[in-house]
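Keep the structure open while you read.

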Amino acid sequence: MTPDTDAKTYLSMWETLSEAADRRPGGHASPPPPPPPSPTPPPPSAPPKRAALSRELGEFLIELSIALHKHAMYPEGHPSLEPAAASVVRRATELLRDRPTLSLGVARSQLIIEGVATDSKHPVLAELAGRLHRHHLGAATFERGLATPEVADVLRTLAVEAERSGQPLGLGPAERLRAWPHVRLHALTYERLELLDDAPPAQGSEDGGGFAGAARGVRAAQLWLGLARAALAGEIGEDESPSTKSEVIAKAIDQHATVAGYDQVIVGYLLQIADELKRAGGAEAVELRRRTSRLVREMRPETLRRLVEMGGDAAQRQRFVLDATDGMAVDAVLDVVQAAADTTQQTISHSLLRMLAKLAAHAEQGAPAVRPLADTALRDQVRQLLGGWTLEDPNPDGYGAALQRMARAAPIFAAPKEAMHAAEAERLLQMGLELEHLGPLVWRAVAGMVEEGRLVALLDLLDAARPGSRVAAAIWERAATPEAVRRTLSAPAPDFATLDRLLTRVGLPAAEPMLDALAETEVRATRRQLLDRLALLREGLGAVILPRLGDSRWYVVRNLLGLLEEVPQLPEGFSPAPFAKHADARVRRQALKLQLRIPADREGALLAALGEDDEQIARIALAAAQQDCPPAAVPLLVTRAMGGSRGWSVELRVLAIRLLGRTGAPAAYDALLRLCEGGRSLLGRAKLPPKSAELLAGLAALAVGWNQDARAAAVLARATRSLDAEIRAAAELPSGGTRG
């Protein structure tokens, strides 16, 4: 790893190196030596060779995996644990002699260290990567000065499986990850991702048209966030979210000093983004392509040349240009190709550059029928150009032949006369608004602007009309319709600013197309935006939702029930009871919230929820029972509080114990006494059980509800004589209470 590269740059990169890490060595590995001179270069499609992990790094990772496995298998104090931790310290110390820190990146089944990804099929290293990934960790950093007790404590912490502890380390308090002086764990950072679902779909389910599509959207957002954090490394704090604006990122890259490690990290992200664009589809690819193209345009030419040069690695440079050709927007492709030509000291003829620029213009702004043809032609020419860069003649035979074919081709770019006046409709509409005149030409202009996708321009003209305009009001009535809402939402990346302008005019009828889009979109961020706007409709929304609740997709039903929670009055004849028995727990949670709003359903819903294995449902029920706990719930609470055959977590048992203290029921009293009695000592004296969260909650419940009862007073008296301060504090009487 390059010593003068900011460590935070690498830590952000580890979070997004997953599938791409196994296919190429990444942006920050040391560049391989240049190939020997050869008259015939490798073909453009030949991928760069994968970098190999050094023996010392491989042995360190294997030692770390074995030590972690032992700490997960053996109990604390086992004689095998300390030597395992000491072996990790010894290996790490050897590696840290010539580097200040050692950073370890985490992917789902791979580890990335010093720019090299491990083999995802290696059983030992894949197990280590999987355990760290399940804790939602993106990286770990080791610094000089490691000690065996410190590493042993880290291993004990990581050895607890995330599923068993109930909370992955990466989702817990940030201080827990910084508890050691020479080891730092780094959580995966998704602060800027808009994730709607509170858990991934179960195996075999679909989420908005496919979990793979949702995952692809998350990866695209991760890559862009990682690029932003890498570019701004050293300018933002560790816990500060980076700006994701293309111009800000480009400016940071332009102004950064020329450092090989920094450039390799940036190009590593650009390589992954270009590769992602080749395989991604839908709105995510459109947005990522737009951002990347703007980034390339905003960078200075000398910065782009510096990045393309990539330390002299010809294979990686060629892959970068080819991926850009396949995935980026055409204007960005031209910038990258020009930078690559300058870097490799190749010459592109001015005629060919002008022709490529012409193709790019038609691909971006031409007629709808022409754009795909121009786009394909441009990318094909660039690929041929890359294949012939060994020629020094700026006009070689291949290029000349290509230019000749273009010159003789049919004039596919000739536009009909009516297309030469794209602004004609706007001028007609402006005249109609200024003259307060409506006629066939004005209506035709309005229809033409809508059909051509120029709705924003139409709305701008209407907003600019004079107040009280009769013509503007009539056109608003024709333009602001549910169909216009549907057309706006049908775009790969819906324009929500335009949607908001329409909603103020359309109102409740816009709910139908919005609900259709909510059910079909694959983009979580889009669903979040739609849910926020649907919730604003409130009045009358329930009647629109009711016929849609028969949908077989769990996420659709869950979102619809969540919208019903926002309406002031549930639809007449609606009952959430059938959904409380849904196979998916996320639907049942939402149904429970609705049942608690209905007085007739409340008690039955609470009893059913207290018997649930899903702890989020149980937590909702316990919170609701704090206000009014039905007597029939006491036996269930006693069973859950005492452990039962299907015990809850400690946190939920404590909540149940506190709730029992509020009920005043005899059965609750008996259960609390059993909980706080620990049998007798060797001398026959009654004693308390070992200290636990449940004991502390039980003592507090007895002190609040039964401090004047003789049996409870005896238990509380024993607690007040305890040597443990927490036990004494739990047994204290409430303010003004007296001992019975």
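Ala 139 has His 186 as its bridge partner in β5. Before going further, note that this is a predicted model. Overall, β4 and β5 are joined by five bridges and run antiparallel. On to β1: five bridges join β1 to β4, and these two strands also run antiparallel. Here Leu 102 has Phe 142 in β4 as its bridge partner.

How much of β4 is buried? Six of its seven residues are, so the strand is mostly covered. As for β5 (residues 183–187), four of its five residues are buried, so the rest of the structure largely encloses this strand.

## Helix α3 and its cover

With 15 residues at 1.5 Å a residue, the helix should span 21 Å, and its end C-alpha atoms are 22 Å apart, which agrees.

Which residues of α3 are buried? They are Leu 81, Ala 84, Ala 85, Ser 87, Val 88, Val 89, Ala 92 and Leu 95. The cover over these buried residues includes α2 (55–73), β1 (101–106) and α5 (148–159).

## Salt bridges

The model has 30 salt bridges. One of them is between the side chains of Asp 500 and Arg 533, at 2.6 Å from N to O. Asp 500 lies in helix α23 (residues 496–506) and Arg 533 in helix α25 (residues 524–537), so the pair ties together parts that are 33 residues apart in sequence.

Now look at Lys 691, which takes part in a salt bridge with Asp 724, where the closest N and O atoms are 3.3 Å apart. That pair links distant parts of the chain: Asp 724 is in the loop between α35 (710–720) and α36 (725–730), and Lys 691 is in the loop between α33 (666–676) and α34 (693–705), 33 residues apart. Asp 724 is partly exposed at 25% relative accessibility, and Lys 691 is partly exposed at 41%. Lys 691 also forms a salt bridge with Glu 726, with the closest N and O atoms 2.3 Å apart. This second pair runs from the loop between α33 and α34 to helix α36, across 35 residues. Glu 726 is partly exposed, at 46% relative accessible area. Elsewhere, salt bridges that share partners join Arg 55, Glu 56, Glu 59, Glu 63 and Arg 91 into one network.

How are the rings of Tyr 669 and Trp 706 arranged, stacked or edge-to-face? Their centres are 5.1 Å apart and their planes are at 15 degrees, so the pair is stacked. It links distant parts of the chain: Tyr 669 is in helix α33 and Trp 706 in the loop between α34 and α35, 37 residues apart. Both Tyr 669 and Trp 706 are buried.

Two arginines are worth a look as well. Arg 478 lies over the face of Trp 443, 3.8 Å from the ring centre. Arg 505 lies over the face of Trp 476, at 4.2 Å from the ring centre.

Methods. Residues numbered from 1 in each chain as written. Predicted model: local features only at pLDDT ≥ 70, side-chain atom pairs only at ≥ 80, totals over all residues. Heavy atoms only, no water. Salt bridge = Lys/Arg side-chain N within 4 Å of Asp/Glu carboxyl O. Buried < 20%, exposed > 50% of the residue type's maximum accessible area, 1.4 Å probe, protein only. Expected span 1.5 Å × (residues − 1). Contact = heavy atoms within 4.5 Å. Phe/Tyr/Trp six-rings, centres within 6.5 Å; stacked < 30°, edge-to-face > 60°. Lys NZ or Arg CZ within 6 Å of the ring centre and 35° of its normal. Pairing = 2+ DSSP bridges.
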